[in-house]
Amino acid sequence: YISISDYHVVALSHFYKIFTWGTGKYGELAINNSIFSSYPFKLSTNKKYSFISTSNYLTTLIDEEGCFSYFGIILKSGDKKSLKILAKNENINEEKM
């Protein structure tokens, strides 16, 4: 499965592997300290994610038990001045491909 926003891409393989690339200015790539990646990073996690979704500044992952992990920001009423920065995860690490 692939989810594409205006700024980044998230892919989920048949073997529950998650890959992210593109612009990650607000952490939406789930890659520590990365603003841009032109190649996929494999996220290392113990969970088996079954659903992925992206919006312009947000990545959402849902595991097989229905639990959410999310990375990036949510804009309140489309106003970039009122940013809520999100970084909820359970030990996800990146691995350069």
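Tutor: Start with contacts in the protein chain, where contact means heavy atoms within 4.5 Å. Among those between residues at least 6 apart in sequence, 39% join residues at least 24 apart. This is a predicted model, in which local features need pLDDT of at least 70 and side-chain atom pairs count only at pLDDT 80 or more, while totals for chains, interfaces and linings use all residues. Residues are numbered from 1 along each chain as its sequence is written, and side-chain values use heavy atoms, with hydrogens and water left out.

Student: What is the secondary structure of the protein chain?

Tutor: The protein chain has zero helices and nine strands. Helices (H or I, at least four residues) and strands (E, at least two) are DSSP runs, numbered from the N terminus.

Student: Why is Lys-42 called buried?

Tutor: Buried means under 20% relative accessible area, exposed over 50%, and partly exposed in between (1.4 Å probe, protein chains only). Lys-42 has a relative accessible area of 18%, so Lys-42 is buried. Lys-42 lies in strand β4, residues 36-44.

Student: What makes strand β6 largely enclosed by the rest of the structure?

Tutor: Six of the six residues of β6, residues 58-63, are buried, and therefore the strand is largely enclosed. In a regular strand the side chains alternate between the two faces of the sheet. Both faces of β6 are covered: Leu-58, Thr-60 and Ile-62 are buried on one side, and Thr-59, Leu-61 and Asp-63 on the other.

Student: How do you know that β5 and β6 pair?

Tutor: Two strands pair if DSSP finds at least two bridges between them. Strand β5 (residues 49-55) and β6 have six bridges, in the antiparallel sense. In one of them, Thr-54 has Thr-59 of β6 as its partner. A hairpin of two residues joins β5 to β6.

Student: What makes Asp-63 and Lys-47 a salt bridge?

Tutor: The definition asks for a side-chain nitrogen of Lys or Arg within 4 Å of a carboxyl oxygen of Asp or Glu. The closest N and O atoms of Asp-63 and Lys-47 are 3.3 Å apart, and the pair forms a salt bridge. The two residues are 16 apart in the chain, with Asp-63 in strand β6 and Lys-47 in the loop between β4 and β5. The structure holds one salt bridge.

Student: Are the two partners buried, partly exposed or exposed?

Tutor: Asp-63 has 5% relative accessibility and so counts as buried. Lys-47 has a relative accessible area of 27%, so Lys-47 is partly exposed.
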